[in-house]
Amino acid sequence: MTTLPTRTTADPYYQDVPAYMTEVYDWAYVNPRKARLLDHKLVVRTLLFGNDQRLMRAYLNEIRDGDRVWQVAHVYGDLVQRAAARVGESGSFTLTDVTPIQVELAEGKLAGTPQAAVVRADAARFQAERQPDLACSFFLLHEVPEDMKSAIVDNMLAQVAPGGRAMFVDYHCPRPWQPIGWLLKWVNRVLEPFAEALWNKEISAYARDAARFDWSKRTVFGGVYQIVTARRRD
């Protein structure tokens, strides 16, 4: 699948936003009015069937005091504040996002947090000034086309410092007995056209340089979600 070109309009909230975002996810991440309505912990809890805290803890527990952390996209709710707080005053937290409203929401949450920075950038192209100890994609990969999945995974791995980690928390193929799987199949057909690829392909398979990393994966909630960590050896 080829990534659609960016769409440029006079509306600053849509300027230079990738076309797949405006055509598929305008309702969720681009339209400023709708994005503000969705940016609440209860929405996140509902969308993740009550597994929000469990999945967030997997990410937060990976952050050490003093770490340099790069989170590749904004997440609704309070995750960004909690992650920024985890690095402590001696660490740094950088959040990137490609859409103006998500940058605006993140800046509001992280105002007054000196160790945090928000940058408007594409996760597939962002270049960190200092290599992060941890790069995390929290439910981003299922929202992007196939070529973007590969580009984002490759860029995250390329940015990670020696001995550092890349983490991917996202959807996974549900177990046959998990009834949520049938609901998600319908959701994917209607709202999430890029999501089901993660049911059929390992995240490590998107990486050209996978062999330089030690990969681990665990699934939760009957296989609906996966938590994947890639630790750089050198």
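In helix α8, the residues M148, K149, I152, V153, D154, N155, M156, L157 and Q159 are buried. The structure is a predicted model. Helix α8 covers residues 146–159, 14 residues in total, and spans 20 Å from its first C-alpha to its last, close to the 20 Å expected at 1.5 Å a residue.

The structure contains 17 salt bridges.

| Salt bridge | N to O distance |
|---|---|
| K41 with D78 | 3.9 Å |
| D133 with R68 | 3.8 Å |
| K217 with E202 | 3.0 Å |

K41 belongs to helix α4 (residues 41–47) and D78 to the loop between β3 and α6, so this pair ties together parts 37 residues apart in sequence. The pair of D133, in the loop between β5 and β6, and R68, in strand β3, links parts of the chain 65 residues apart. D133 is buried at 17% relative accessibility, whereas R68 is partly exposed at 22%. K217 lies in strand β8 and E202 in the loop between α10 and β8, so their contact joins parts 15 residues apart in sequence. K217 is partly exposed, with a relative accessible area of 37%, and E202 is likewise partly exposed, at 41%. Salt bridges with shared partners also connect E62, D67, R165 and R231 into one network.

On the surface, W27, L183, W186, V190 and L191 form a nonpolar patch with about 480 Å² of accessible area together. Helix α9 (residues 180–190) supplies the largest share, three residues. L191 sits in the loop between α9 and α10 and is partly exposed at 31% relative accessibility.

A search of the whole structure finds zero disulfides. C136 is buried, with a relative accessible area of 0%, while C173 is partly exposed at 28%.

Notes:
Residues are numbered from 1 along each chain as its sequence is written. This is a predicted model: local features need pLDDT of at least 70, side-chain atom pairs count only at pLDDT 80 or more; totals for chains, interfaces and linings use all residues. Side-chain values use heavy atoms; hydrogens and water are left out. Patches are made of residues with over 30% relative accessible area and no salt bridge: like charges are joined within 9 Å, nonpolar side chains (Val, Leu, Ile, Met, Phe, Trp, Tyr) within 5 Å. Accessible areas come from the Shrake-Rupley method with a 1.4 Å probe; for residues, only the protein chains shown count as cover. A salt bridge is a side-chain nitrogen of Lys or Arg within 4 Å of a carboxyl oxygen of Asp or Glu. Helices (H or I, at least four residues) and strands (E, at least two) are DSSP runs, numbered from the N terminus. Buried means under 20% relative accessible area, exposed over 50%, partly exposed in between (1.4 Å probe, protein chains only). The expected span of a helix is 1.5 Å times one less than its number of residues. A disulfide is a pair of cysteine sulfur atoms within 2.5 Å.
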